[in-house]
Each structure stands twice: as C-alpha cells, then as structure tokens.
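I am opening a notebook on this structure. I will write down each thing as I look it up.

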Amino acid sequence: MAGSRGWWTLAAWAVALATLAPLALRSDGAFAVAVRVHGSESAEVERILHEEFGSPFARFAVLVLEGAPPPDRPDGAALLARIRDAVAAIPGVAGTLSYLDLPDSLFLPRTGRGTFMVVGLDPDVGTADALIARLRTATATMAASPDGLALLWTGEAALNHDIRMTSSREAAAAEWRVLPITLGLLLLAFGALVAAALPVAAGFLAITVALGAAVAATRFMELSIVLENVTSMIGLGLGIDYGLLTVSRFREALAAGRGPRAAAAEARWHAGRTVAVSGLTVAIGFAALLVVPLSEIRSVAVGGLLVTLASVLAATTLLPVLLGLLGPRIDAGRLRRPRLPSGAPAGEGWRRWGRAVARRPLPVLLLAGAPLAMLASAAPRLSTELPRGDWLPAGMESARGLAALEASGGAGVVNTIRVLVPMAAGRTATGVAGWERTAAVVARVEEDPRVRRVQSLPSLLGAAPPAPALLGFVPPAVLRSFVSRDGGYALVEAVPREECTPGELTALVRDLRRGGGVLVGGLPALNVDYRDAVGGRFPLVIFLVVAATLAGLAHAFRSVVVPLKAVALNLLTVAASMGALVLVFQDGLDAGLLGAGDGTGGVFPAIPVLVFCTVFGLSMDYEVFLVARVMEARRDGAGEQEAIAEGLARTGGVITSAAAVMIAVFAAFTLGDFLLIRMLGFALAVAVL
C-alpha cells in the first residue's frame with residue numbers, strides 16, 4: 001500500500017485538505033440561520049408584504065428597552081426618541097414603530113419600567129442574521145449612559161439567529177468534550193496510542209473535509225447552520241467507527257502473519273466492502289431528507305451525505321495507505337495487551353456466546369426484544385407540538401429579551417399573526433365592498449378569545465367605510481402597512497394573548513385558515529407550515545429509506561432474508577428510540593438531568609424525521625459489520641451456527657467498542673443548552689445502545 005498508488009492517494013488527500021480546511025475554518029459565517037419553508041403560505045405572506053405592500057415590517061425584529069422609563073413619561077419619551085432615531089439611521093432598518101408613533105397601551109409596561117420598539121428589516125440590504133448582527137453592534141453602546149437600561153434584540157429573526165449560533169457553538173464544544181472520552185475508550189479497545197489515535201484523526205478529517213465542501217456548496221445553494229451540528233455529530237461517530245473497523249482488520253491480518261502491505265490490502269478489501277455497504281445505508285437515510293421542502297432539513301441531508309462520503313473515503317483510501325506505512329508501528333505507545341480480535345483466543349468469549357445464541361435463538365430473541373418492545377410501545381404517543389415551557393437557552397440575548405417582554409406584558413407581539421385579505425377582481429381594500437370584507441375578518445378575529453389585540457385599517461378608522469377625503473389624512477406609512485399598493489390586499493394583524501401555549505397558537509392559525517379566503521403568516525404560521533412540511537413528507541421519507549435500504553442490502557448480500565430481517569430490527573430500534581424520547585422528554589422522566597422539567601409535552605417537529613433517517617442508517621452499521629463476517633465464514637465452509645459464532649467472535653469486540661464511542665459522541669450533545677440538540681443526541685445514543 002506504500003507503492004505509487006499509495007503516494008498518489010496521500011497526495012490527493014493533502015490537496016483536498018489544503019483546499020477545504022481553510023473553508024471549514026470560515027464555516028460560521030457561511031451558513032444561513034433563517035428558517036424557510038419553501039412554497040409555504042407563511043413565506044407567501046412575507047413575500048406579498050415586501051413586494052406588494054412595500055411594507056417596512058414584512059420582516060421585523062423587536063428591540064426591548066429593559067429598565068427604560070415608561071414612554072408616557074417625558075424622560076421615557078425623550079430616551080425612546082433618541083434610541084429610535086439612532087436605530088432608524090442604521091443601514092438595513094426599513095422602519096420603526098413604537099409608542100411615539102402609536103400611543104397604544106401595548107407599548108406600556110404592566111408595572112415598573114420598560115418598553116419596546118418594532119424594527120423593520122429590509123431584505124434587500126442583507127440577510128436577517130447579518131442585519132441582527134449589525135443591529136446589535138450598533139446598539140451595544142447606546143445603553144451605556146442611563147442607569148439600569150439594557151437593549152435586547154428579540155423576535156423571530158433574532159431568535160432564529162441566536163438558536164442557530166448557539167447550536168453551532170455547542171457542536172464545537174461537544175467535539176472537545178468527547179475527544180478525551182473517545183481516546184480513552186479507544187485506548188481500552190486497542191491498548192496502543194497510535195492505533196487509538198488513527199480512528200479519531202479519521203473522524204476529525206471527515207468533519208473538516210465535509211464542512212469545507214459544504215462551505216464551497218453555499219456558492220450555489222443556501223445551507224443552514226444546523227449542518228454544522230449534524231456534520232460534527234455524525235462525522236465523529238461514523239469516522240471513528242469506520243476507522244476502528246479498518247484498523248482492527250489490519251491488526252488481525254498482522255497477527256495472522258501477513259506483512260504490512262498485504263495486511264493493509266486485506267483490510268482495504270474486507271473492511272472496505274463492509275464500510276461501503278454501511279455508508280450506503282447511512283447515505284440512503286440522509287438522501288431521503290432531500291424530499292422535505294425545508295432549508296434546514298435539506299441542509300442536514302447535505303451535511304450528512306458529505307460527512308458520510310468523507311468518512312467512507314477516509315476509511316477505504318487514506319487509512320489503508322497509512323496502515324501499510326506504519327506496519328507493526330501501529331502498536332506504538334502500547335499500554336497493555338490489546339483486547340480487539342487478533343486471533344481465535346481474543347474472540348473466544350464472543351465465540352462461546354455466539355454458539356449459545358445460535359442454539360437457543362427464540363429465548364434470546366424474546367429476552368433481548370422485550371426491553372425494545374416496551375420502549376417502542378410509548379412511541380405512538382409522540383407529539384410534534386413545540387415543547388412547552390421555557391426551553392430557550394437562558395444565555396441568549398433574544399431569550400432574555402423575550403423574558404423581559406413577558407414581564408412587561410408585550411410578549412404577544414413576537415407571535416403576531418398576519419392575516420392577508422385578498423380582494424375580488426375590480427375591488428380595492430379602501431372601497432366599500434373591500435372595506436366591509438376586511439371589517440368582517442377583523443370582527444371574526446376579535447371574537448376569538450385567544451387574541452388580545454387586532455390591528456388593521458378598519459380598527460384605526462372604524463368599521464364604516466371612510467370617505468376618500470378622510471383617507472387622505474392617514475399617514476402614508478400607516479396606509480402602506482395595511483393596504484397593498486394596488487389595493488388588492490388588506491392586512492389584519494392579530495396579537496395573541498401571552499398565555500397561549502404553542503398548541504393553542506397552532507390551533508388559532510389553523511382556525512383562521514379554515515375560515516377560507518385569507519392568507520395567514522407570522523411566526524406561529526411559520527411553525528405550523530414547518531410542522532406540516534415535515535409531517536406531510538414523513539410517510540414518503542419512510543418508504544424511500546426502507547425501499548432503498550432493502551434494495552441496497554439485497555444487492556450487497558445477495559439475499560432476501562437478510563435485508564428483511566435488518567429492516568425489521570431497525571424499525572424496532574427506531575421505535576424504541578422514539579419511545580425513549582416520549583418517556584424522558586415528553587413525559588419528563590429524566591429526573592431533571594436533561595432539562596425536561598415536568599415534561600415538554602412534545603418534541604420539535606423535525607425530531608422524528610431526523611431521528612428516523614439518522615438512526616436507520618447508523619443502527620444498520622453493526623448489522624452490516626456482523627453479517628459480513630458471518631457470510632465470510634460461511635463462504636469459507638463453516639456451518640450456519642458456527643458461522644454465526646465466528647462472525648460474532650470477529651466483530652463482537654469491534655461492535656462493542658464502536659458503539660461505546662458512538663454513544664459517547666451522541667451523549668456529549670445532550671450536555672448543551674439547546675433542547676433540540678439534546679433531544680437528537682439522546683435519541684441517537686439510545687438507538688445505538
């Protein structure tokens with residue numbers, strides 16, 4: 001493996017690393033943080049408000065003035081005016097709305113001090129996340145002089161920005177948390193420092209190459225920053241798993257008396273085929289996510305595919321070359337005698353266990369399957385409602401701003417629902433018929449007990465159609481906010497009550513849409529569209545993953561029974577991991593360890609599809625590892641029961657060590673502040689276990 005082909009392989013990897021590593025280091029600024037549901041009703045509302053209305057508040061953020069004097073006092077009004085003027089001058093700010101423009105009690109605190117300002121973001125100037133970063137930089141010094149004043153940015157754009165940036169930082173922190181644990185587990189498995197370090201290096205190499213390729217791909221497509229989390233999580237697990245298998249096969253060949261080059265070639269051939277089949281099953285799961293019309297989910301698919309490909313290539317091309325060069329030096333830094341298979345004695349315990357299992361398959365199946373079945377029985381109760389309670393990371397500025405808004409009674413503004421009322425052909429929103437239609441929608445929304453306040457042109461001027469002369473006194477900015485340029489749409493804004501749960505907001509959006517004839521947008525509508533996009537494509541995703549996995553395994557193993565059995569067991573594994581999510585997070589049986597409190601009442605809508613696609617591929621890894629060695633023993637002439645025992649003897653230690661590493665990697669992601677990543681890391685760790 002150190003011949004000319006090997007040196008060309010090393011050169012190719014050196015070029016790839018030199019090209020992609022600098023891009024990977026710039027990944028934080030390359031990915032988007034905005035959540036988009038392509039073709040959704042909420043996205044259409046935002047587009048119409050921007051293009052048809054020219055509204056400065058088609059996309060907006062909320063600036064909370066925590067500790068400011070109330071704006072109905074002279075000193076509070078003066079402070080608010082100073083900050084408003086400074087904010088309005090920042091490039092990218094399309095407009096501002098505060099108590100100075102609309103003396104509404106909504107801007108006044110229930111008690112004490114504080115107010116807020118709605119700030120429109122111009123999508124033509126920059127992305128929402130870039131604008132939020134610019135706004136925070138500009139307002140950082142504005143709160144320096146008045147005592148007790150804090151300027152906090154919140155709202156949909158700021159929350160999205162902070163959540164994604166927090167998740168990105170947590171991914172990097174999890175990598176460093178898990179590194180010493182992973183090295184320790186591999187040292188226990190291999191008993192030698194060099195052998196333990198190679199799989200870890202392969203994992204980090206796969207992450208670097210995949211992130212660099214993803215950054216390069218952003219020139220042609222928008223990718224979400226959640227890609228970083230998935231790439232880190234999956235890259236560490238897969239890269240180390242595949243590296244561990246390859247190194248183990250190499251050491252086994254060395255122990256059998258083969259030279260370094262022959263041992264490396266054997267590892268590349270046998271372990272490489274297993275890795276390729278395993279990588280195919282993982283890639284199938286991520287590829288199926290591309291059918292979900294969400295930028296975040298598709299970014300997860302791209303990141304997963306890239307890091308899986310990088311992990312497979314590292315294990316099948318780079319590692320064999322390095323192993324051929326190292327030869328016996330793979331055991332350099334030996335701490336003790338290795339425990340991984342290096343001949344029959346090392347696997348004798350697993351061989352005896354395999355024979356016992358093969359003699360009594362039904363009792364073992366019942367004993368092993370019972371815990372999985374018990375967990376899986378909770379899976380049908382899985383709810384994809386947004387988790388209740390305060391699950392936002394406490395350190396985020398937008399979370400602190402939202403908490404300040406809740407204390408002052410204005411948090412409902414963040415969840416403002418935007419109802420567009422289209423006019424019939426030949427009618428306008430300011431005409432008699434259009435006005436009456438808008439007023440009817442306003443009346444229906446005002447009657448809903450979940451709505452605190454309704455804002456519209458009829459609400460400001462009265463239900464009766466105004467005379468044209470009266471409309472002339474309406475400020476152009478106000479008219480532009482509620483009526484499109486051509487009069488073809490009217491806007492009705494509904495501010496929900498603060499005590500509304502995520503489930504009640506979902507029901508409110510659905511009820512407004514069921515009324516017919518209107519378009520509903522805003523953050524609650526975006527959450528509904530997100531959930532529907534995921535849930536609506538979930539059956540298709542399941543079908544694609546199962547069908548493609550069956551076809552791929554049937555081709556790889558030339559068998560029908562093996563793929564059917566593998567898919568059945570994997571479906572049970574997925575159901576068990578979903579059931580564990582229900583019990584631990586949704587029902588709150590975590591005893592406070594994972595931050596579920598009394599139970600979240602639901603999991604994030606993206607969790608089931610992400611868990612299914614990821615778990616289905618990852619849990620197939622060990623199936624492929626084992627069955628490949630069983631079939632290899634069968635081809636060498638062993639009987640069926642003996643082939644099972646031999647396959648387990650050769651892979652039991654590898655599978656156990658690889659799974660321990662994978663569990664440690666995923667468990668590290670449960671220690672952060674972002675609930676979605678904690679849920680995902682927990683479900684994946686349970687599935688591997």
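**Entry 1: a leucine patch**

I start with a cut-off: a residue counts as exposed when its relative accessible area is over 50%, and as buried under 20%, with partly exposed in between. I also note that the model is a predicted one.

I looked up Leu366 against that scale. Its relative accessibility is 57%, so Leu366 counts as exposed. I found Leu366 in helix α11, which covers residues 361–376. Leu366 is also part of a nonpolar surface patch, made with Leu362 and Leu365. I noted about 330 Å² for that patch.

**Entry 2: aromatic rings**

Next I asked how many aromatic pairs the structure holds. The number is five.

I took Phe538 and Phe612 as one of the pairs. Their ring centres are 6.0 Å apart and their planes stand at 80°, so I wrote down edge-to-face. Where do the two residues lie? Phe538 is in helix α18 (residues 523–557), and Phe612 is in helix α20 (residues 606–635). The two parts are 74 residues apart in sequence, so this pair ties them together.

Then I turned to Tyr622 and Phe625. Here the ring centres are 5.9 Å apart with the planes at 80°, so this pair is edge-to-face. Both residues sit in helix α20, three residues apart, which means about one helical turn separates them. Are they buried or exposed? Tyr622 is buried at 10% relative accessible area. Phe625 is buried as well, at 2%.

One more item on rings: Phe538, Phe612 and Phe616 make up one aromatic cluster.

**Entry 3: salt bridges**

I reminded myself of the background first. Side chains with opposite charges can pair when their charged atoms come close. I then looked up the count, and it is 32 salt bridges. I followed three of them.

The bridge I took up to begin with joins Asp331 to Arg251, with the closest N and O atoms 2.6 Å apart. Asp331 is in the loop between α9 (295–326) and α10 (348–359), while Arg251 is in helix α7 (residues 226–255). The two are 80 residues apart, and the pair links distant parts of the chain. I compared each value with the cut-offs. Asp331 is partly exposed at 22%. Arg251 has a relative accessible area of 9%, so it is buried.

I went on to Asp587 and Arg381. Their closest N and O atoms are 2.7 Å apart. Which parts of the chain does this pair link? Asp587 is in the loop between α19 (561–586) and α20, and Arg381 is in the loop between α11 and α12 (397–408). They are 206 residues apart. Asp587 is partly exposed, with 29% relative accessible area. Arg381 is partly exposed too, at 42%.

The closest N and O atoms here are 3.8 Å apart. Glu498 has a relative accessible area of 25%, so it counts as partly exposed. Arg452 is at 32%, which means partly exposed again.

I also noted a network. Salt bridges that share partners join a set of residues into one network, among them Arg249, Glu252, Glu348, Arg351 and Arg355. Arg629, Glu632, Glu642, Glu646 and Arg650 belong to that network as well.

**Entry 4: Arg453**

I stayed with strand β6, residues 451–455, where Arg453 is found. Which side chain does Arg453 make a polar contact with? The partner is the side chain of Asp104, at 2.3 Å. I then listed the contacts of Arg453, leaving aside neighbours within four places in sequence. They are Asp104, Ser105, Leu106, Glu493, Ala494 and Val495.

Key. Residues numbered from 1 in each chain as written. Predicted model: local features only at pLDDT ≥ 70, side-chain atom pairs only at ≥ 80, totals over all residues. Heavy atoms only, no water. Phe/Tyr/Trp six-rings, centres within 6.5 Å; stacked < 30°, edge-to-face > 60°. Helix = DSSP H or I, 4+ residues; strand = E, 2+ residues; numbered from the N terminus. Buried < 20%, exposed > 50% of the residue type's maximum accessible area, 1.4 Å probe, protein only. Patch = residues over 30% accessible without salt bridge, like charges linked within 9 Å, V, L, I, M, F, W, Y side chains within 5 Å. Areas by Shrake-Rupley, 256 points an atom, 1.4 Å probe, with all protein chains shown as cover. Salt bridge = Lys/Arg side-chain N within 4 Å of Asp/Glu carboxyl O. Polar contact = N/O pair within 3.5 Å; in protein donor to acceptor, adjacent residues only side chain to side chain. Contact = heavy atoms within 4.5 Å.
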